[in-house]
Structures are given as C-alpha cells and as structure tokens.
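Biologist: Hi! Could you walk me through this model, one question at a time?

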Amino acid sequence: MEKSLNIPNEGIALCLSGGGFRAALFHIGALWRLNEFGYLPKLDRISSVSGGSIVSAWLGVSWKKLTFNDEGRATNFVDTIVNPLRAFAGQNLDVWIILGGMFNPFRSVGENLIRAYRKALFGTATLQDLPDRPQFVINASNAQTGVLFRFSKAYNADYRLGMIKNPNTELAVAVAASSAFPPFLSPVILTPENHKYSFAAETAGDLRDAAFTSKIVLMDGGVYDNLGLESAYKRYETVLVSDGGGKMQPDPKPKLFWGVQAFRVLNMMDNQVRALRKQEIIDLFLLRQTLTERMQENPQSDEELVKHLSRKGTYWGTYTNIKHYGLGDAALDCPHEKTVALANLPTRLWKFSAPHQEALINWGYAVCDAAMRRHVDSSLPNNARFPYPIGVG
C-alpha cells in the first residue's frame, strides 16, 4: 500500500524564536505590526521557544481581553500586550534565580524560574486559559528522550512518550520549561505528583515506561529547535518566522583552558543547529517559488506535491539587513550597523533599559513590515511608522 503525502493545512503558523528578553522585545515589535496588518486573527498556530514563549504565552492568556475591530486589529494591543511585557523585561531575573537555586536547598533553579513567571505575569493561569484558535504551542526540550516536549491547550506531547490530553499545566511551568537555558536555568522537572498528568494509553510512544514518564526533565526548547519550526511547518502551508536568536561571534584568540574551550565548542554546535534550521525553512520558501513558476508553465503539475515539498511565508531576524528585501525607501530606515548592534545585545533574562526596549521593538516592527510586504502580500499597506521616536538607536 502506497504511503499518502503529508499535505499541510492551508492555515498560517507564526514561529517566535528564543533569545531571552532581547528576542521577546523584538517579537513584540513584530506582533505590533502583524496586528496593524490585521493578521493576528488569521493565525492558526503560534509556536514558540524560550524568550518567544514569554511573549506567546502572554498573548495567549490575554487573548480574550483583546478588542478586535472589523479589520482584525486589536485596538487595545499596546495596553494589553506591549506595556505589561515591557514592564517584565525591565526586571533583573536570571542571576537572582540562579543564586536562589544555589543557596536554597529546598527550592531548585527551575522552581525559582516558575515562581518568577507566576508572580510577574501568569499567576495561576493554566494551558486551559489559552484560546482554541490560534493554537499556542510552547516548546521545551526533553533531556531524557532528546526531542521536543510540546505544551498546548489540547495536549502536552513528546512523540516518544505519548500525549497528555487537556492538560492543566500552569502557564508559568510551560514557559519556565521552554526558557530553562542550560546549565544555569535548567532543568524544570515534571512528575505526576506535582503536575497531575497521565499519558493517554492510546498514544503510547516507544519510550513509554516509568523510567521516562515518572519524572520528565525539561530544558530550553532552543536546545532542540530555537526557531520553533518543527511544531509549525509540518502542519501548515504558510509559515512566518520571527528570529530574535543570537549568532556566535568570531574570536581570533579562543581560550585554551579546557572548561572555557568546551563552552565555545557547545556554542559552535548550537550555532550550527540554528543555522541549519534557518536554512531549512528558507530553502522551503525558495523551492515554493521555483515550483510555482513551473506550475504556471505546466498546468498539469501536481499541486499537492508542490504543497508537500515546499512552504509559503517569510523569515525575518535580528541580523537581517532590511535592504535585502529590495523595498528601497518603502522600508523604514534601519541602518544595518545599528540593527547589528541591537542583535548583539545579551540574550538574558536581565533588565533592558527603556531606550534598548524601544529600539528592539522598533526593529522587530520594521523588519516584519518589510518581510510581510515583500514575501507574503504586496498589497499590505505601506503606512508603517516606528512605534517609538527613537528609531533603531
């Protein structure tokens, strides 16, 4: 029996990468512009990692408070989404969380991270407080199985373990797991006792035994997939990727001490995974253009095969040169040297000054605007104005 093609749904998925508060602020700007385009209600899935999960989870838990007009724009987006997240990004978190885990024998770093998210943003809200659409998927990495562990309203899942249906996991726990960057902020540990879960018997994976399910050890989703792509591009035909992640910097004199050397080797491996993920989605976009042109020349081409092999959509990132979109003066003024300086800001959960916050939000807004108008819909209005007068610094 022939295996049928895995044809994606015709909906739109948005991916929000990791990258600490820097990525979170960059994504706020991108969401700001998507809201002005009326795109938020058009999204079918939002897949997020780490810093992107902070923004995604807050958007999800606040969704019912948004007031959408007839054009699909949330008129209270700034007050409901932007301002609370900016206040959160103005706090110093990671060092105090780490120190608390080191010197408090009764509470781990992961537990401290959960408490910080619970106190500052999510309270006791759970995955069941998210909307049905868009479907929000918060991605963590399972240190035991080596694959993604996905949190959502409908299910928590690891394909090697199985599925937990209709989970009541706290949003603070899901976001903490997604942003538990190793080795300093990880792991976040789930057990049936402290998180009240059980795997549905009919969804059992190949590692479905007590050794793997009685304690689930989770860490930053970026360890496996820093763009959150896997939970999006396999399901939907159109994929929008907002990348606030970092890039390994050259070092003419790398340290020779084995401990520091090992840290740089890990950074090299992480950088390679990020680069491969980015190239994967861009190749799918480019293939779509090629196959679409061939279909115009040959109407007998198999449209289902085209959908199976490629994707529509666009990518924008902190390191993007906005001039490469070819919009000229129709794009906002974002000198590349200034945006690279923003891209090189630390990827930590540590306080960002008001000017840095505003410049990062402006940069996410501007590059999303250019990417959407260039690659997704050229009829989108060219009326962008920086949200804040600072520009990109």
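Biologist: Which residues does Ala-370 touch, not counting those up to four places away in sequence?

Modeller: Contact here means heavy atoms within 4.5 Å. Leaving out residues up to four places away in sequence, Ala-370 touches Ile-322, Tyr-325 and Leu-327.

Biologist: Before we go on, what kind of model is this?

Modeller: Residues are numbered from 1 along each chain as its sequence is written, and side-chain values use heavy atoms, with hydrogens and water left out. Local features need pLDDT of at least 70 and side-chain atom pairs count only at pLDDT 80 or more, while totals for chains, interfaces and linings use all residues, as this model is predicted.

Biologist: Back to Ala-370: is it buried or exposed?

Modeller: Buried means under 20% relative accessible area, exposed over 50%, and partly exposed is in between (1.4 Å probe, protein chains only). Ala-370 has 0% relative accessibility, so it counts as buried.

Biologist: How far is Ala-370 from Leu-332 in space, C-alpha to C-alpha?

Modeller: Along the sequence, Ala-370 and Leu-332 are 38 residues apart. In space, their C-alpha atoms are separated by 8.0 Å.

Biologist: Which helix holds Ala-370, and how many of that helix's residues are buried?

Modeller: Helices are DSSP runs (H or I, at least four residues) and strands are too (E, at least two), numbered from the N terminus. Ala-370 is found in helix α13, which covers residues 354–375 and reaches 32 Å from first C-alpha to last, close to the 32 Å expected at 1.5 Å a residue. That expected span is 1.5 Å times one less than the number of residues. The rest of the structure largely encloses α13, because its buried residues number 16 of the 22.

Biologist: Now Arg-33: what is the length of its side-chain polar contact with Asp-369?

Modeller: A polar contact is a pair of N or O atoms within 3.5 Å; within protein, one must be able to donate a hydrogen and the other to accept it, and residues adjacent in sequence count only if both atoms are side-chain atoms. The side chain of Arg-33 makes one with the side chain of Glu-36 at 2.7 Å. With the side chain of Asp-369, the distance is 2.9 Å.

Biologist: What about α6: how many of its residues are buried?

Modeller: Helix α6 runs over residues 171–178. Leu-171 and Ser-178 are among its buried residues. The rest of the structure largely encloses α6, because the buried count is eight of the eight.

Biologist: Which backbone nitrogen does the side chain of Asn-156 reach?

Modeller: Asn-156 lies in strand β5 (residues 155–158). The relative accessible area of Asn-156 is 2%, so Asn-156 is buried. At 3.4 Å, its side chain reaches the backbone nitrogen of Ser-152.

Biologist: Last one: how many nonpolar residues are in the contact of α3 with α5?

Modeller: Pro-84, Leu-85 and Phe-88 in α3 meet Tyr-117, Ala-120 and Leu-121 in α5. Ala, Val, Leu, Ile, Met, Phe, Trp, Tyr, Cys and Pro count as nonpolar, Asp, Glu, Lys and Arg as charged, and the others, Gly among them, as polar. In this contact there are no charged residues, no polar ones, and the nonpolar ones number six.
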